[in-house]
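Keep the sequence and the model side by side as you read.

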Amino acid sequence: MVFSGCCGVGRVFGGPGRSGPGWGRVWVVWGGGCFTAGSGGFYVGGVRTVCVSLGERSYEIRVGSGLLARLGEWCRDLGVSRRCAVITDERVAGHYLGRVMGSLEGAGLEPVAVTVPAGEGSKRWQVVHRCHDALAAARLERRSLVVALGGGVVGDLAGFVAATYLRGVPFVQVPTTLLAQVDSSVGGKVGINLGAGKNLVGAFYQPRLVVADLDTLGTLPEREYRAGLAEVIKYGAIADGSFFGRLEGVMGGLLSRDAGVLEEVVARCCEIKAQVVSEDEVEGGRREILNFGHTIGHAWEAVAGYGRWLHGEAIAVGQVLEAELSCRVVGLAREVRDRLEGLLERAGLPTRVRWTGRRVERLLGAMRLDKKVRDGRIRFVLLRGLGCAEWGHVVEEGLVREVLGS
Ligand SMILES: NC(=O)c1ccc[n+]([C@@H]2O[C@H](COP(=O)([O-])OP(=O)(O)OC[C@H]3O[C@@H](n4cnc5c(N)ncnc54)[C@H](O)[C@@H]3O)[C@@H](O)[C@H]2O)c1
C-alpha cells in the first residue's frame with residue numbers, strides 16, 4: 001500500500017497545546033499541493049519561534065543569534081529544580097560549555113558538566129552508564145534538567161540518558177550542528193547504537209525546549225556544515241516546493257552562513273519537521289517521508305564503512321537515486337530530479353558514486369536490513385512532484401539494481 005503525504009485539502013492543524021506567549025498563533029493550512037503556508041514560525045519577544053504541537057508534550061523551538069546567553073533564564077522558566085546537568089562532547093565543550101554554564105548559573109541554576117568524547121562512538125551503553133553515574137553523583141532528582149549541548153550524537157545520547165534516568169527527567173536540546181538544528185533535535189527520537197547497527201536502542205522522548213543558537217554554526221567545520229545542507233534540501237523536496245525554490249535562490253547566502261538567511265531557513269525546516277511530527281509522533285505513517293533518500297543513503301553509509309561518509313553526504317546521493325526511482329515508478333518529472341541534483345551539487349555535496357556489481361549487491365543486502373522493510377520487501381519514499389512525497393512504495397529489486405548501477 002502506498003501513502004501520500006500530499007495532504008488533505010484545506011486541513012488545519014497545529015494550534016496550541018498549552019497556554020503561553022505565542023501559543024495559539026501557529027495554525028497552518030495545508031492546501032491541495034503540499035504545505036502552502038509557513039514562513040518559519042513567528043516572533044515571541046524578538047525570537048523566532050516554532051511550535052511542536054503534541055498536546056501536553058508540546059514545546060517550542062527558538063532560533064536565532066545570541067541565544068546561549070538567554071538559555072539559563074529559559075531553562076529556569078520551565079519550573080525545574082536548581083541542580084541540573086549539561087551533557088556535551090569534548091570539542092563542543094571547548095567552544096561553548098563556559099558560556100552555557102555561565103548562562104545557567106546567572107539564572108540561579110546549579111549546573112554540573114558531563115563531557116563525553118566527540119563522535120558516533122559515544123552513542124553506546126558504556127557512555128550512557130557513565131552519564132547516569134554522573135547524574136546520580138550530582139544528586140539530580142526527578143525535576144532536574146538535562147541540557148544536551150552539541151550535535152546529533154550528544155542530542156541522541158543525552159536525550160536517551162534523560163529518558164531513562166529516574167524513569168525520565170526533563171531535557172532541553174541545544175543543537176550546535178546544522179544537522180542537529182534542522183533535524184535531530186526536533187521530534188523526540190533519542191537513542192544509541194549497538195554492535196549490530198545504528199540507533200537500535202532508543203525511545204521517543206520529547207525535549208521541553210529546543211534552543212538553536214545560529215552563532216554556534218560559526219565554528220562548525222565546512223564538511224559538517226555542508227552535510228547538514230543535505231537535510232535542508234530534503235525538506236524542500238519532500239514538503240514544500242516553494243521553499244525548494246527559495247533555497248535555490250539563497251544557496252550563496254547559506255554557503256556563506258549569512259545569519260539572516262540561516263534564521264529563515266533553519267526555522268522553516270524546523271517548522272516542516274514540527275508539522276510532520278505533530279501529525280505522526282511515533283512514525284506510524286506520514287513521518288516516514290522524512291526518510292526520503294535514507295533507504296539508499298543508510299545502506300551506503302553501512303557499506304562504505306561508518307564514518308567514511310558523513311550521513312548528509314550519503315543521503316545526498318540517496319536523494320538523487322531515489323528521485324531517479326521516482327521518475328521511473330511514479331512519473332516524477334525529470335526536470336525536478338535534475339533540479340534536486342543541481343541544488344545538492346551547488347551545496348558542495350556528492351550526488352553520484354560509481355558502484356561495481358558486487359557493491360550493488362552489498363547495497364541491496366544492506367537495504368534489506370532497513371527498518372522500513374516489511375516482509376522482506378524494501379520500501380521507498382518517492383516523490384510524485386516537488387514538495388510532494390509518498391511513503392510505502394515497494395519497488396521491484398531489479399529496478400533498484402538497475403538504478404544503483406546506472
Ligand atoms: N534523533 C534524530 O531524529 C536524528 C536525526 C538525524 C541524525 N541523528 C543522529 O545524529 C548524529 C549525527 O549528528 P551530527 O551530524 O550533528 O554529528 P556530531 O554530533 O557527531 O557532530 C559532528 C562533529 O562536529 C563537532 N561539533 C558539533 N558542533 C560543533 C560546533 N558548533 N563547532 C565545532 N564543532 C562542532 C562535534 O564535536 C563532532 O565532532 C548521528 O548519530 C545520527 O544517528 C539523529
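Q173 stands opposite V210 in β13. In this predicted model, local features need pLDDT of at least 70 and side-chain atom pairs count only at pLDDT 80 or more, while totals for chains, interfaces and linings use all residues. Residues are numbered from 1 along each chain as its sequence is written. Helices (H or I, at least four residues) and strands (E, at least two) are DSSP runs, numbered from the N terminus.

Strands β10 (residues 171-175) and β13 (residues 209-213) run parallel and are joined by two bridges; two strands pair if DSSP finds at least two bridges between them. Eight strands make up an open sheet with mixed pairing, in the order β4-β5-β6-β13-β10-β9-β7-β8. Because β4 (42-44) and β8 (110-116) stand at the edges, each with a single partner strand, one side of each has no neighbour in the sheet. On average, neighbouring strands of this sheet are turned by 25° against each other, direction ignored.

Which helices lie across these strands? Helix α2 lies across β7 (83-89), β8, β9 (145-150) and β10, at about 160° to β7. Helix α8 (residues 259-279) lies across β5 (47-52), β6 (59-64) and β13, at about 15° to β5. For these angles, axes are lines fitted to C-alpha atoms, for helices over the stretch in contact, and the angles run from 0 to 180 degrees between N-to-C directions.

Stepping back, the protein is divided into domain 1 (38-218) and domain 2 (221-404), with bounds from an automatic or database domain assignment. Their C-alpha centres lie 26 Å apart. The contact (C-beta atoms, placed from the backbone, within 7 Å) takes 27 residues from domain 1 and 28 residues from domain 2. On the domain 1 side, β5, β6 and α5 each supply at least two residues, and α5 gives the largest share, five residues.

Helix α5 (178-184) also leads us to the ligand, as one of the elements giving two or more residues to the shell around it, together with α2 (90-106), α4 (152-164) and β12 (197-204). Of the 29 residues around the ligand, R91, G151, G152, T177 and S184 come nearest; a residue is near a molecule if its C-beta atom, placed from the backbone, lies within 6 Å of it.

Note on methods: Two residues are in contact if their C-beta atoms, placed from the backbone, lie within 7 Å.
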